[in-house]
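These are my notebook entries on a structure I wanted to look through piece by piece. I kept each entry to what I looked up and what I found.

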Amino acid sequence: MASIYLHNVGVDFPIYQAGARSLKKMLIAGTTHGNLARDAHDRVMVRALHDVTLEIENSERIGLIGANGAGKTTLLKVLAGIYKPTNGQIDILGHTTALINSSVGLNPDATGRENIILRGLYMDIHPRDMRERIDQVAEFTELGTYLDMPVRTYSAGMMVRLAFAVSTSFRPEILILDEWLAAGDAQFLGKAQRRMEEFVTRSSILVLASHSFELIEQWCTRAVYLKDGLVEVIGPVDEVVARYREDARAS
Amino acid sequence: MSLNQTFSDVSGQVVGRVAMLAPRPSRFVGAKADLGAGLVRSWIWTRLAYQDIKERYRGSVLGPFWVTLTNLIMVAAMGTIYSELFHVEVATYVPYIMTGILIWQFISGMINEGCSTFTNAQDVIQQVPMPFSVQAYRVVYRNLIILAHNAVIIPFGLALFKVPIGWNIIEIVPAFVVLSLNGLWICMLLGMLSTRFRDIPPIVGNVVQVLFFLTPIFWPLDAVPNMKQVLALNPFFAWIDVARAPLLGVTPEPTSWPILLCCTAAGALVSFLFFVRFRERIAYWL
């Protein structure tokens with residue numbers, strides 16, 4: 001059983017660096033979509049998420065869409081437990097595996113096999129357990145002899161294969177994926193989708209952020225459209241995507 | 001707010017009940033759980049520490065033994081000149097600075113690298129959920145590995161100058177355990193402060209440099225008989241003394257262990273309170 005509840009969740013980033021004032025002026029001029037505010041100490045804050053209320057149940061696959069700077073990655077990081085929300089309440093049931101960045105924990109000079117173990121550390125998988133499954137992981141990546149080559153020789157897509165294979169080798173209860181997944185080729189995405197479907201039928205949750213509507217439409221059962229840190233719409237994928245497209249055309 | 005009250009999403013659809021939300025655990029519980037969860041994940045921080053050292057010396061033939069070699073040369077050079085300067089026998093002076101410098105490098109290494117406990121792990125902290133304390137254990141363990149490399153010259157040095165080793169050499173075990181505990185609170189505290197205020201690391205670096213000269217490491221306490229009582233109160237003298245005295249076959253000053261233990265207790269308390277208060281902010285400060 002896995003579930004996620006967010007109630008009025010907000011995330012404010014304080015800006016400490018010198019020149020925050022001028023930065024504030026610059027931002028207010030309308031160059032980005034972020035919201036700015038000042039806290040009690042007169043510090044400049046970037047409001048990345050505001051009043052997000054969301055319930056995700058067992059076996060749901062949620063797609064996150066929105067423009068750059070809408071708060072997609074911040075929301076993923078809140079779900080992953082990386083950022084504790086500055087406002088509101090969050091309740092997550094189930095072990096979370098976060099794939100925010102495909103290269104985290106990879107050592108470019110070590111081989112693919114060594115990196116499977118290494119990457120496993122960051123996914124909270126003991127090297128002993130990882131070693132038992134290394135052949136299965138290797139098979140899933142389809143990287144063949146490349147697994148004995150240093151990872152710095154890999155393409156972005158190959159890195160994605162490796163990272164995805166490791167992170168899903170132990171069935172995650174909640175899997176959080178950022179946009180980089182799209183770097184994989186069609187054949188791999190198909191394979192990854194089959195693996196995800198297998199997971200969610202066994203009551204796991206997937207939250208995926210992507211600019212690829214195709215990917216969202218294929219993978220997700222529900223979509224969330226974020227705009228300027230606020231949830232604009234939640235609902236069936238086609239409706240939410242249509243709304244986002246409308247907005248994008250209008251602006 | 002009633003527990004059965006429902007809450008809705010923006011479209012007005014009821015998406016949950018307040019009762020579904022578990023009470024948020026207190027910061028104290030969170031901080032304690034973080035330290036525990038980090039400790040039991042020794043398989044993460046031991047590997048990360050080894051990885052750090054491998055990275056640092058990638059492609060080098062001697063690897064971390066370069067520092068050992070540097071120390072050997074420094075001890076030999078300083079031993080010859082300074083023993084004359086302080087009018088001390090070479091046979092007493094060389095073992096004294098050899099052990100003193102190595103212990104100081106261990107302590108100062110944890111203080112200096114402690115400043116970058118969290119900033120060095122920025123990528124990990126911002127991408128992957130992991131207990132923060134893992135990073136502190138990692139810094140302390142890394143410095144223990146470096147110490148082990150440097151310490152290979154100690155048995156030779158002690159044997160060469162026929163230092164009378166006594167049964168109390170086993171005291172180095174509790175000494176290094178307590179020093180490591182101090183390293184842990186230092187890494188947590190300086191790590192957090194340095195993440196928030198980026199001017200802390202250079203300040204700490206300067207202070208550590210000055211402390212090296214103010215602490216009896218390369219000069220014997222007996223060289224300044226008039227100030228001996230005052231200088232023995234320098235807490236860092238106590239930190240060095242508890243590990244150095246047993247290696248030289250003598251008893252530490254009676255004040256050393258009490259001072260060290262007071263530092264450990266006070267430091268751990270302050271550091272823990274900071275961690276309780278600011279743990280959830282670390283990711284925001286990076």
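Which residue in strand 8 of chain A does A:I176 stand opposite? I looked this up in what is a predicted model, and found that A:I176 stands opposite A:V207.

Entry on the sheet of chain A.

Entry on strand 6 of chain A. In a regular strand the side chains alternate between the two faces of the sheet. I checked this strand and found that A:T96 and A:A98 point one way while A:T97 and A:L99 point the other way, and that all of them are buried.

Entry on helices of chain A. For helix 6 (residues 186-201) of chain A I compared lengths: at 1.5 Å a residue its 16 residues should span 22 Å, and the end C-alpha atoms are 23 Å apart, which agrees. In helix 6 of chain A the residues A:F188, A:L189, A:A192 and A:M196 are buried. They cover an arc of only 95° around the axis, so they sit on the same side of helix 6 of chain A. The buried residues of this helix pack against helix 5 (156-167), strand 8 (205-209) and helix 7 (213-219) of chain A, whereas the face turned away from the buried side carries exposed residues, among them A:Q187, A:R194, A:E197 and A:E198.

Entry on the contact between the chains. I noted that 30 residues of chain A are in contact with 25 residues of chain B. The elements of chain A that give two or more residues to this side are strand 1 (3-15), strand 3 (44-56), strand 5 (87-93), strand 6 (96-99), helix 3 (112-122) and strand 10 (230-235). By class, the side of chain A that touches chain B has 16 nonpolar, 10 polar and four charged residues.

Entry on backbone angles. Most residues other than glycine have a negative phi. I found that A:S59, although not a glycine, has a positive phi of about 65°; A:S59 is in the loop between strand 3 and strand 4 of chain A, and counts as partly exposed because it has 15 C-beta neighbours inside 10 Å. B:K162, also not a glycine, has a positive phi of about 50°, and its place is the loop between helix 7 (153-160) and helix 8 (172-196) of chain B. With 9 C-beta neighbours inside 10 Å, B:K162 counts as exposed.

Key: Residues numbered from 1 in each chain as written. Chains lettered and ligands numbered in written order. Predicted model: local features only at pLDDT ≥ 70, side-chain atom pairs only at ≥ 80, totals over all residues. Contact = placed C-beta atoms within 7 Å. Helix = DSSP H or I, 4+ residues; strand = E, 2+ residues; numbered from the N terminus. Nonpolar A, V, L, I, M, F, W, Y, C, P; charged D, E, K, R; others polar. Expected span 1.5 Å × (residues − 1). Buried ≥ 20, exposed ≤ 12 C-beta atoms within 10 Å, placed from the backbone. Arc of directions from axis to C-beta. Pairing = 2+ DSSP bridges.
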